[in-house]
Structure formats: C-alpha cells, structure tokens
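This briefing is intended for reading alongside the sequence and the coordinates. It begins with one residue and then widens to its surroundings and the overall fold.

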Amino acid sequence: MALARAFSKFRTTSGFASIATLGVRLGGAGIGFLSHIALARLIEPAQYGVYVFAWTIIVLLGTFSGIGLPVAATKFVATYQDQQKQSHLSLFTRYAAIVGLLVAFLATCLMFAVSFFAPEHIVEPIFRPALLIGAFCIPLFTLTEVGKGVARGFGRNVVAYAPAYLFRPILILLGVAVLILSGWTLNAVHLVYISLIALLLPLLWQWSFMRGTLSACTEQAPREVGLNRVWLMTALPLTAVEAYNLLLANTDILVLKFYVTPADLAVYFVGTKIAALLSFVTFAISASAGKPIAAAFGRGDMDKVRQLTHHFANLAFWPTLAGFVVLLIGGGVLLSLFGPVYADAYLPMIILAFGVLLQSFTAAAKYCMAMTGGQKQMSVVLVATLGLNLLLNLALVPPFGIVGAATATVLATLVSIIALLVLIKRQMGFWAISNGVPTKLNLTSDA
C-alpha cells in the first residue's frame with residue numbers, strides 16, 4: 001500500500017511527466033526510425049522526396065492554423081488549474097478547438113487552390129496529387145496540436161505526445177506493411193492516405209481522454225468580459241514560437257525543393273531524421289519545463305524561475321553531448337541502414353546535430369520567456385531569426401546544396417540562441433544556460 005501511494009504521488013510530479021514523455025519519444029522514435037528505413041528501402045527516392053515535401057506543408061499549415069493557441073493552452077490551463085478556475089478551463093478549451101478548426105479550414109482551402117492553380121514552376125505535376133490529399137490532413141493536425149497544448153497544461157504529457165510520437169509512426173508502419181503485403185507498389189500518394197488515417201485515429205483517442213478530464217469541470221461562473229481577446233492576444237505572439245520551431249526545421253526543405261531533385265530532398269530528410277534523434281532528452285525536459293516555470297512566475301518567485309531554467313538546461317545538455325559524440329562516430333552506420341544512396345547525408349546530419357546540441361545548452365530558454373510574459377519580445381527575436389534563416393538558405397543552398405541548407409539552419413539557430421539569452425539576461429538578470437553537471441537526476445520541479 002505504501003508503495004502504491006508513493007507511486008500515485010510520483011505520477012503527479014513533473015518528474016513522472018518527463019520520464020513518461022521520454023518513454024513516449026523513445027518508443028515512438030524507434031518505431032518511427034524503422035518506418036523511415038522501411039520507406040527509404042521500399043519507395044524510390046523521388047517518391048519519398050515528394051512525400052517529404054507534402055508532409056512538410058501539412059505540418060507547417062497545420063501548426064500555423066493553431067495561431068499560438070496550443071502554446072498558450074499550456075500557460076492558461078496550468079494557471080486556471082492552479083487557481084481552480086474550472087469554468088475557465090472548459091471555456092478556453094472549446095475556444096481553442098473552434099478557432100483552430102476554423103483557421104485550419106481556411107488553410108485547407110488555400111492548399112487546394114495552390115495545388116490546382118499554381119503554375120508548374122511553383123508546384124510541379126509530381127507534387128500535386130500528394131498535396132491535394134494532404135489538404136485533408138491539416139484540420140486533423142491542428143486539433144491534435146490544440147489537444148497537445150491542453151493536455152500539457154494538465155500535466156498529461158503522455159496524452160499530449162503519444163498521438164504524434166507513438167501512435168502515428170505505429171499506424172504508418174502498419175499501413176505500409178498492409179499495402180506491401182497486399183501487393184501494392186508504394187508511392188507518395190499512398191503514404192499521404194496512410195498519414196491521414198494515422199492522424200485521425202490518435203486524434204479521437206486524445207480527445208476522448210480530454211473530454212473525460214474536462215467533464216469534471218462542472219463549475220459555473222460568470223464569463224469575464226473580453227476573455228476571448230485576452231486569450232487571442234496572448235496566443236498570437238506565441239505563434240512566433242511555433243513558427244520558429246517549424247520554419248527553422250523546414251525552411252531548408254522548402255528552399256531545397258526549388259534547387260535539388262526530389263531524390264536529393266529525400267537524402268537530406270533522412271539526415272534530418274537521424275540528427276533529430278539527439279533531441280529526445282531536450283524535448284522531454286523542455287516539455288515539463290513550461291508548467292513549473294509558469295506556476296513559479298505566477299507566484300512571483302523569480303528565484304525559482306532561475307533555478308528551474310538552469311536545472312532543466314543541465315539535465316538536457318550533457319546527455320545530448322554524449323549522444324552527439326556517438327553520432328559523430330557511428331552516424332555512417334545508421335545511414336547505411338537506409339541504403340547506399342543515403343550516404344551523402346552524413347555531413348548535413350552532423351551539422352544539424354550540432355545545432356541540436358546548441359539548443360540543448362539553453363533547453364528551457366524559450367519556455368522561460370513564453371511563460372513569464374516575455375512572449376512579445378521573444379516573438380520579435382524569433383521572427384527576425386526566421387528572416388535570417390530564409391536569407392541564409394537562399395544564399396547557401398544554390399552553391400552548396402544539402403550541405404548549405406544544414407549550415408544555414410545551424411547559423412540561424414546560433415543567432416536565435418544568442419538573442420534570447422541576451423533578452424532573458426536583461427529582463428530577468430541571469431543567463432538561461434546549462435551552468436554545470438547536475439549532481440542528481442532530479443526531474444521534478446523541486447530543483
């Protein structure tokens with residue numbers, strides 16, 4: 001009984017959330033890695049490259065359609081739960097889902113229009129069918145992101161991240177296996193259809209859990225005037241956080257599409273997937289950083305905010321550094337699993353992995369700004385960085401191809417890190433970096 005009570009208490013801590021999130025990411029990454037190997041082996045590189053571009057557009061439009069509400073959800077839900085404003089929880093969740101769905105519908109119409117009417121030098125015929133089917137994925141992706149933000153605010157990180165990082169790769173791998181065993185020859189359109197199903201089923205699972213959680217919010221209270229405006233004005237600047245993460249990771253793909261073949265695009269994508277393996281620890285740690293930082297700031301405990309920011313950065317950096325060394329030595333072996341045509345991805349992969357290492361050194365910096373009222377200042381920095389990223393890609397991709405794309409991405413990452421660190425130093429008086437080797441593996445908020 002004592003052990004059961006101790007485990008039940010531990011489940012409510014951010015330590016359990018970090019471990020559970022890391023477990024979801026590791027499990028999903030393993031399955032996702034196998035699915036990428038299978039796709040690279042079973043589909044010709046050109047068709048794989050078409051799917052990569054179509055999925056990139058789905059992710060970009062699906063995330064932007066949330067207009068910052070998924071990130072704001074972590075802040076508002078955590079705050080309202082801490083303040084026991086149950087009616088506000090329910091109202092905000094409905095508002096975020098409805099607004100996100102409406103914006104996603106507009107994005108879907110835009111993708112239809114571009115796929116049908118864009119000239120061939122913008123959208124080549126080989127890309128059109130995958131983009132048309134992919135348009136139906138956008139609302140599903142947006143609602144999944146909104147659900148992720150709400151679940152994170154409740155501290156339900158497994159519910160937040162399992163749809164994208166565990167269930168989706170499992171379903172894609174199963175879908176590919178079914179088609180192959182049925183004698184189909186896979187192409188990009190088949191993969192988009194599979195992705196549509198892999199978005200829908202986890203979405204239904206995620207919101208079934210959220211519905212159960214929100215059904216407990218039975219408190220009725222007078223609605224505050226202008227509450228929708230507060231939510232929207234808080235969320236819109238946070239769109240820069242989402243835009244930064246996505247465009248920094250995908251501007252290279254978008255620019256490469258106009259300068260390299262779909263096969264080269266597939267080679268680069270494989271390099272990005274392997275480099276992303278290093279982000280697991282940082283992702284798990286930062287996923288749990290938002291709620292305790294927001295709670296500490298809400299109590300006015302700035303010393304706690306500083307301690308948490310250093311603590312999460314310490315926990316993220318050193319394992320990532322060890323992983324970078326391993327990847328530097330064994331990256332070629334991993335690439336060989338995809339096939340000999342993907343060997344050229346080694347140098348871009350290492351460059352991108354170094355960028356991940358830089359991000360781990362300041363693991364909680366963006367959340368520190370977003371959860372402490374600095375989202376507007378941060379948005380200016382991030383938007384400027386995105387412009388720089390685009391310019392660097394346009395300058396380096398034509399002469400250097402996939403190596404230039406990786407270099408541009410890492411240079412933009414470095415600039416954004418420096419700018420955010422200076423901003424946090426000026427506003428809060430400390431450098432939001434790893435400041436030493438953690439003396440204990442403490443994943444809770446009691447840093």
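**Briefing on the model**

With a relative accessible area of 15%, Lys-148 is buried. The model discussed here is predicted. The protein has 16 helices and zero strands.

- Lys-148 forms a salt bridge with Glu-145, and the closest N and O atoms are 3.1 Å apart.
- Glu-145 and Lys-148 are three residues apart in helix H7 (residues 137-153), so about one helical turn separates them.
- Glu-145 counts as buried because its relative accessibility is 9%.

- The salt bridge count comes to two.
- Lys-257 forms a salt bridge with Glu-124, with 2.7 Å between the closest N and O atoms.
- Lys-257 lies in the loop between helix H10 (227-256) and helix H11 (262-275), and Glu-124 in the loop between helix H5 (86-117) and helix H6 (128-134), so the pair ties together parts that are 133 residues apart in sequence.
- Lys-257 counts as buried at 6% relative accessibility, whereas Glu-124, at 26%, counts as partly exposed.

**Helix H8**
- The 25 residues of helix H8 (residues 157-181) should span 36 Å at 1.5 Å a residue, which agrees with the 35 Å between its end C-alpha atoms.
- H8 has a kink of about 50 degrees, centred on Pro-163.
- Gly-183, which follows H8, has a positive phi near 90 degrees.

**Overall packing and surface**
- Of the 447 residues of the protein, 55% count as buried.
- Among contacts between residues at least 6 apart in sequence, 83% join residues at least 24 apart.
- The protein exposes about 18,900 Å², of which carbon and sulfur atoms supply 70%.

Definitions and conventions: Residues are numbered from 1 along each chain as its sequence is written. This is a predicted model: local features need pLDDT of at least 70, side-chain atom pairs count only at pLDDT 80 or more; totals for chains, interfaces and linings use all residues. Side-chain values use heavy atoms; hydrogens and water are left out. Helices (H or I, at least four residues) and strands (E, at least two) are DSSP runs, numbered from the N terminus. Buried means under 20% relative accessible area, exposed over 50%, partly exposed in between (1.4 Å probe, protein chains only). Contact means heavy atoms within 4.5 Å. Accessible areas come from the Shrake-Rupley method with a 1.4 Å probe; for residues, only the protein chains shown count as cover. The expected span of a helix is 1.5 Å times one less than its number of residues. The bend at a residue is the angle between axes fitted to the seven residues ending there and the seven starting there. A salt bridge is a side-chain nitrogen of Lys or Arg within 4 Å of a carboxyl oxygen of Asp or Glu.
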